[in-house]
Amino acid sequence: MKTDLPRSFRRLEYRPPVYTVDQVELDIALDSARTIVKSRMEVLPGKSFESGAPLILVGQELEFVSLRINGEAHRHFELTPETLTIHSLPKEGQERCIVEIISICVPEKNTSLMGLYVSNGNFFTQCEAEGFRKITYFLDRPDVMARYRVTLRAREAEYSMLLSNGNLIGEEKLPNGWHSATWEDPFPKPSYLFALVAGKLECIEETITTSSGAKKLLQIWVEPHDLKKTRHAMDSLIASIHWDEKRFGLELDLDRFMIVAVGDFNMGAMENKGLNIFNTKFVLAQPETATDADFANIESVVAHEYFHNWTGNRVTCQDWFQLSLKEGLTVFRDQEFSADQMGSESGRVVKRIEDVRLLRQLQFPEDAGPMAHPIRPDEYQEINNFYTVTVYEKGSEVVRMYQTLLGREGFRKGMDLYFKRHDGQAVTCDDFLAAMADANGRDLTQFKNWYSQAGTPRIKVEERYDPASQQYHLTLTQSCLPTPGQSEKKPFHIPLKMRLITSENDQAEQLLELTQPAQSWTFSNISERPVLSMNRNFSAPINLDFEQSEADLLTLFSSDDDTFNRWEAGQKLAMQMILNNRLPDAQLINAYRELLLDSTLDPAFKELALTLPAESYLYEQCTSVDPQQIFTARRAFRRAIAKQLALEWAAMYQQNQTPGLFKSDAKDSGKRALKNLALNMLLEADPVVWTPMAVNQYRVADNMTDRYAAFAALVMHGAKGAQDCLNDFFNRFANDALVIDKWFVLQSSRPPVDGLESTLADVKRLREHPAFKLNNPNRARSVIHAFCTNNPASFHQADGSGYAFWVESVLALDPINPQVAARLARALDRWRLFAQPYQSHMKAALENVTACQTLSPDVCEVVSKALAG
Ligand code: TRP
Ligand code: ZN
């Protein structure tokens with residue numbers, strides 16, 4: 001690692017801009033080896049203006065060509081690798097002036113996929129968070145908002161489509177086979193929302209009428225052979241537009257809204273104004289190539305990026321510390337949208353369980369590890385490392401708590417006031433909280449602690465029932481472990497939905513607001529000892545420390561009227577037994593059986609209730625993790641459920657077939673989920689008997705969900721016929737990159753199987769496969785991240801071989817793409833939690849990475865914090 005201290009940015013050091021820009025004209029001549037960017041900016045004093053101050057623009061990997069001010073060549077400037085400092089502005093900078101800069105960048109060499117780059121011969125941009133500075137010198141910060149007019153030029157034969165934000169205002173044929181297109185975006189925006197796309201692309205389009213009666217053009221742009229896979233994304237977009245009108249009164253403000261798919265992309269998708277750019281994974285789907293999970297993910301990502309048009313674009317972030325202002329809120333909105341799309345109350349719960357499971361598997365470990373940060377961080381070295389599950393998913397839980405505290409109507413009032421006050425502005429999380437508080441006449445001062453403190457609060461529950469007085473006493477005590485830089489925590493304002501379950505069924509659900517370190521409640525006229533159903537529907541993102549008896553948990557599992565808490569009780573029972581190395585007892589097996597056979601329950605819910613807690617979540621319950629022991633105990637528990645319920649699994653398999661035309665709706669995908677869990681359980685119980693059925697399902701399936709599930713079951717169990725399937729699957733889908741990603745993921749995610757070679761050996765071979773590409777993030781993640789982060793029992797080997805592979809991979813990826821490398825680097829975050837010899841091997845691996853002299857700031861921040869924290 002470089003020896004000089006890494007630069008770090010602090011939230012409290014925010015200063016408004018000295019200068020600002022309100023008008024930008026770009027003229028971009030696209031050439032993969034040498035793109036010429038001419039920028040014309042109208043510069044004027046900003047909020048921190050001081051007379052005579054230099055204008056400091058940022059730029060990265062740019063070749064500077066020329067600078068003019070008010071039409072004349074300007075010599076008073078200095079260049080460093082990351083800045084262009086302009087001195088002696090006319091009139092000391094007090095008046096508006098025109099700054100014109102010409103610079104050159106090299107898209108074909110850009111493997112970081114930030115700024116302007118080439119993917120499969122076409123041009124794309126990614127500017128969030130700080131990619132615009134790789135296109136031209138600029139005030140590249142979100143509180144500088146300008147109107148953009150953009151002219152794109154390129155050779156027409158190769159780049160027939162030229163797209164940018166806003167409206168198309170002109171097209172021209174140019175000499176030598178070139179052409180141009182000019183776009184104008186009517187809305188001021190920060191530079192991170194700028195985008196351009198150029199290439200051989202085609203679109204499907206649709207015209208819709210929005211609530212005000214306006215006509216809007218919607219387009220989805222893809223490579224021509226993918227056109228047939230765009231229908232679902234278009235339907236999702238139309239549904240999102242209608243939903244935002246109905247739920248929040250927010251209308252699409254542009255005449256034209258475009259989505260473009262690209263195969264090389266660092267993240268899921270990007271909300272550029274009017275020109276969203278998506279990872280192909282979150283656009284392209286047809287039943288033969290995409291699973292139900294893919295369909296659902298596409299729906300939620302399309303919605304997410306569309307919803308950003310208001311929460312993020314119309315009202316944006318003052319600075320990057322406020323990222324959760326747009327991301328937490330927009331995740332909350334997409335979660336609510338997807339829940340509504342489920343079409344029933346029980347469907348909403350299924351969605352809620354999925355979201356909470358993700359939070360616990362990924363965010364809880366982050367909040368307990370060396371990279372723990374509040375949803376609004378106070379310090380970062382590299383902003384790209386803060387697009388985290390904390391900012392997104394915990395951020396969404398914090399927004400959800402406002403709705404729980406204020407009610408749906410109160411929340412809507414707060415949203416209305418937020419837009420009324422801040423439309424067109426770059427604001428902070430405090431502004432959002434103030435709008436919620438003011439619109440509802442509530443004091444939310446203590447609620448601010450959710451923004452400033454990291455760590456998952458722990459709530460201890462103590463209960464006492466007094467039969468003589470018929471009173472039930474409840475005491476809640478909150479605490480939160482220290483996190484890096486925060487040793488003492490102030491109490492949080494925690495909304496907890498609860499209900500006392502009695503045979504009389506006479507106690508209503510209540511909302512308790514825990515604000516003190518410890519607080520007690522007394523409930524009167526309770527005629528018998530009740531069973532407490534706490535934190536219903538996961539009303540707060542906390543850990544409950546509650547020694548509830550197994551009998552009470554079984555009661556909740558079989559009959560709590562809060563379906564989320566039924567699931568929760570089942571998870572807790574399974575978790576406790578697995579961690580104590582126990583197998584499910586007769587009572588739990590019976591409860592599972594009754595649940596499976598209950599015809600009033602959704603198949604999707606049954607599937608979730610019978611899916612065991614993830615290993616990563618189990619780790620968090622331990623003080624010293626033995627990954628092999630946890631894997632073995634969990635597998636034995638699962639095998640017992642498989643064997644003892646074999647008859648029921650066979651029945652579930654039969655009863656949850658979905659004949660007829662394929663539909664990816666909640667009902668059918670829930671059935672497929674349960675049926676395919678049943679298939680897995682049957683193979684677990686008796687591979688010899690059930691393998692032929694899996695092979696048959698693989699062969700006859702008319703959709704990817706069923707084909708992949710059968711394929712996965714065969715590979716995961718090392719069943720006979722698995723290798724034939726692997727070959728067949730590859731050949732069948734050799735031309736479909738997203739399906740080939742699945743082929744890689746499956747092999748890299750296979751847990752250890754007795755009698756088979758280690759998965760690490762497979763993964764090393766996969767890395768040499770002709771179809772493997774380290775430069776393509778989806779492909780790299782399908783092999784490397786899948787192995788290091790989704791396959792704990794194969795990754796955590798006592799000889800440290802998994803960690804050695806991780807070191808090699810981080811160091812190989814970092815020079816190509818620091819963001820993708822830094823995500824992988826997070827795989828060893830929790831090293832201190834592990835028992836020996838794992839812990840020492842992990843520490844040594846981290847040290848091996850830090851020893852590299854040329855680490856990116858991205859990876860450097862992750863590994864140095866891991867070793868320090
Ligand atoms: N704003 C994008 C989203 O919501 C996140 C994103 C997409 C991003 N691409 C990125 C962030 C590249 C950093 C770098 O979901
Ligand atoms: Zn987002």
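Visitor: Why does His308 count as buried?

Guide: The model is a predicted one. The cut-off for buried is under 20% relative accessible area. His308 has 0% relative accessibility, so His308 counts as buried.

Visitor: How do you know whether Glu327 is buried or exposed?

Guide: By the same test, under 20% is buried and over 50% is exposed. Glu327 has a relative accessible area of 1% and is therefore buried.

Visitor: What parts of the chain does the pair His308 and Glu327 link?

Guide: Distant ones: His308 lies in the loop between helix H2 (292–307) and strand S22 (316–317), while Glu327 belongs to helix H3 (residues 323–341), 19 residues apart.

Visitor: Why do S29 and S31 stand at the edges of their sheet?

Guide: The sheet is open, with four strands in the order S29-S26-S25-S31 and mixed pairing. Strand S29 (518–523) and strand S31 (543–545) each have a single partner strand, so one side of each has no neighbour in the sheet. Neighbouring strands here are turned by 25 degrees against each other on average, direction ignored.

Visitor: How do you know that S26 pairs with S29?

Guide: Pairing requires at least two bridges. Six bridges join strand S26 (residues 471–479) to S29, and the two run antiparallel. Thr475 stands opposite Ser520 in S29.

Technical notes: Residues are numbered from 1 along each chain as its sequence is written. Chains are lettered from A and ligands numbered from 1 in the order in which they are written. This is a predicted model: local features need pLDDT of at least 70, side-chain atom pairs count only at pLDDT 80 or more; totals for chains, interfaces and linings use all residues. Side-chain values use heavy atoms; hydrogens and water are left out. Buried means under 20% relative accessible area, exposed over 50%, partly exposed in between (1.4 Å probe, protein chains only). Axes are lines fitted to C-alpha atoms, for helices over the stretch in contact, and angles run from 0 to 180 degrees between N-to-C directions.
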